[in-house]
Amino acid sequence: MHPLMTNIKPRVALQKLSPVTIDSSAIRVPLAIALQQNRIASFHSVRLIHIDTNFFYQVQPQVNKAPVYLSASNGKLLPMGDWLYAQYLARLFLEGQPASSPSNPHAAHIAMAEEEGHDCCNAATACVLNNTTGTKVANVSRLTAFDKEYKYVNRILPVHKVTFNRADGIRIYVETTQDRFAFAMDNKRAVFDNIFQLLHTWSWLDALGTTKLYSIIAICLLAFTTSVLGIYIFFITKTKKMNGNGTLKARRNHRYTAIVGAAFTIAWAFSGGWHALEKFKTDDRDAFYISNHFPAKINLDFARLQQAVNKPVSNISLIKMNEQTWWRVLTSTDIAFVNAGDYSVLPNGEEKYAGWLATQFSKQTATAIKSVTAVTKFNDEYNFSDKRLPVWKVSYAKHPDRYFVETSTGRLSVRVNDSELREGYSFAILHKHHFMDWGGKTARDYSTMFWVFFQIVLIVVGLMLWWRKSTK
């Protein structure tokens with residue numbers, strides 16, 4: 001079920017958007033003026049986003065609250081901005097960048113801004129709602145909690161669910177504050193997902209709470225014990241002589257092939273039971289995040305910021321570290337930290353910020369940090385179920401936990417210790433067949449499915465042989 005589930009996915013054009021270089025001339029109204037104009041006294045975060053050729057300050061008043069969108073051209077508030085931007089992002093992920101988009105959005109933006117009567121808020125709204133080339137949007141809703149379709153395994157909240165008016169009923173889930181593709185579901189996958197929940201995750205036992213975990217562990221123990229006893233019996237007994245007896249020959253063949261299948265039963269039962277046991281631990285990662293409050297009077301001199309990093313800028317955000325405020329600047333090649341006061345650049349700012357975040361979550365001292373390592377792809381320790389990328393892994397000399405922090409959001413992605421690492425390796429290798437990684441995902445999926453099918457055949461043949469013997 002699991003390999004099939006990971007391969008039955010709706011097709012989307014993109015899962016990650018290419019950064020757009022921002023020209024300082026596109027920022028016609030300073031951030032402080034736009035905030036003052038809209039009576040915003042303080043805020044949690046700010047970024048620059050664009051809807052087609054129209055640029056906006058995306059201002060989040062408080063952590064986890066819906067952001068507002070202020071025009072970088074005239075400071076006006078974009079009505080229902082987050083609702084519009086969610087649709088704009090979802091369509092980009094679903095269908096890709098429209099072929100008609102200008103090659104130089106900054107020049108087009110400036111030209112339109114200078115046109116008499118042009119209003120970027122109206123233009124952005126029309127771009128989203130009056131789109132004649134893409135699929136029509138049927139519904140948009142903002143999720144602040146997980147539900148039956150968008151489950152906890154997806155990790156990211158809050159998100160917008162954008163449903164498109166298509167025969168397959170496709171829904172794209174997006175995180176507007178990070179321009180992030182979170183999940184996609186269509187009617188075909190929804191049917192399979194329901195079957196998957198019944199047969200693989202046993203959702204029909206959810207009402208039992210932790211009793212469900214006890215049930216899974218009990219069955220795993222039963223399968224493990226049965227397999228071990230079967231192997232023991234294999235070695236202490238001998239095969240009867242066949243003497244031309246077809247039934248005895250079938251039983252002998254079943255006996256020798258079953259010993260191979262039993263090894264995989266043990267692997268799945270052991271790793272599955274251990275994985276279920278780990279679920280008794282409280283997953284409190286969502287409680288660890290940084291909630292900033294920046295005054296509206298903060299100054300953004302975009303031209304000076306661009307000069308400080310001396311590279312094309314694709315986005316900005318504000319962070320606070322050690323009582324100092326920094327612009328976190330995404331450039332064409334890296335991430336720079338620029339002091340919000342004197343515009344000096346902090347060497348290795350991203351790495352230092354990752355270490356600082358980990359100290360806030362772990363309550364360890366900065367001097368206790370052993371290493372800070374960038375993680376740009378999933379591995380056995382930080383796997384796909386953790387969802388967020390890129391992150392930084394922070395390890396301590398005398399502290400068993402490793403902290404994986406997401407610097408773009410100031411959140412803890414996951415905390416891992418040696419016990420959890422061993423369980424992770426057990427589940428990855430014994431349960432999900434990551435020992436086949438040398439052949440890629442396809443080989444790993446085929447290995448899992450083949451050995452499951454092999455066991456099903458053995459069980460069916462074993463039952464037939466037992467039935468034949470019992471009815472004689």
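## Phe146 and its ring neighbours

Phe146 is partly exposed, with a relative accessibility of 24%. That value comes from a predicted model, as does everything else described here. Ring pairs join Phe146 to a cluster that also holds Tyr150, Tyr152, Tyr173 and Phe183.

## Aromatic pairs across the chain

How many aromatic pairs does a search of the whole structure find? The search finds 28. One of them is formed by Phe43 and Phe294, whose ring centres are 5.8 Å apart with 40 degrees between the planes, a tilted arrangement. This pair links distant parts of the chain: Phe43 belongs to strand β1 (residues 42-43) and Phe294 to strand β9 (residues 294-295), 251 residues apart.

Are these two partners buried or exposed? Phe43 is buried, at 0% relative accessibility, and Phe294 is buried as well, with a relative accessible area of 0%.

Another ring to look for is that of Tyr289. Arg411 lies over its face, 4.9 Å from the ring centre.

Now turn to helix α8 (residues 246-278) and helix α12 (residues 440-470). These helices pack with their axes 9 Å apart, at an angle of about 140 degrees. The angle is why α8 is described as oblique to α12. The crossing of α8 past α12 is left-handed.

Which residues meet where the helices pack? On the α8 side they include Thr247, His254, Gly261, Phe264 and Trp268. On the α12 side, Trp451, Phe454, Leu458, Gly462 and Lys469 are among them. Arginines take part too, including Arg251 in α8 and Arg468 in α12.

Lys387 is not a glycine, yet its phi is positive, near 70 degrees. With a relative accessible area of 23%, Lys387 counts as partly exposed.

Strand β15 itself covers residues 391-396, and Ser395 has its place there. Ser395 is buried, at 7% relative accessibility. Which residues does Ser395 contact, leaving aside its neighbours within four places in sequence? They are Ile369, Lys370, Ser371 and Arg402.

## Two further loops

A cis peptide bond also runs from Leu157 to Pro158, with omega near -10 degrees. Pro158 is located in the loop between β5 (137-143) and β6 (159-164).

Finally, have a look at Arg39, in the loop between α2 (31-37) and β1. Although Arg39 is not a glycine, its phi is positive, about 55 degrees. Is Arg39 buried or exposed? Its relative accessibility is 82%, so Arg39 counts as exposed.

Notes. Residues are numbered from 1 along each chain as its sequence is written. This is a predicted model: local features need pLDDT of at least 70, side-chain atom pairs count only at pLDDT 80 or more; totals for chains, interfaces and linings use all residues. Side-chain values use heavy atoms; hydrogens and water are left out. Helices (H or I, at least four residues) and strands (E, at least two) are DSSP runs, numbered from the N terminus. Buried means under 20% relative accessible area, exposed over 50%, partly exposed in between (1.4 Å probe, protein chains only). Contact means heavy atoms within 4.5 Å. Rings of Phe, Tyr and Trp (its six-membered ring) pair if their centres lie within 6.5 Å; planes under 30 degrees apart count as stacked, over 60 as edge-to-face and the rest as tilted. A charge sits over a ring if NZ of Lys or CZ of Arg is within 6 Å of the ring centre and within 35 degrees of the ring normal. Axes are lines fitted to C-alpha atoms, for helices over the stretch in contact, and angles run from 0 to 180 degrees between N-to-C directions. Angles under 35 degrees count as roughly parallel, over 145 as roughly antiparallel, 65 to 115 as roughly perpendicular and the rest as oblique. A crossing is left-handed if the near helix is turned anticlockwise from the far one by less than a right angle, and right-handed if clockwise.
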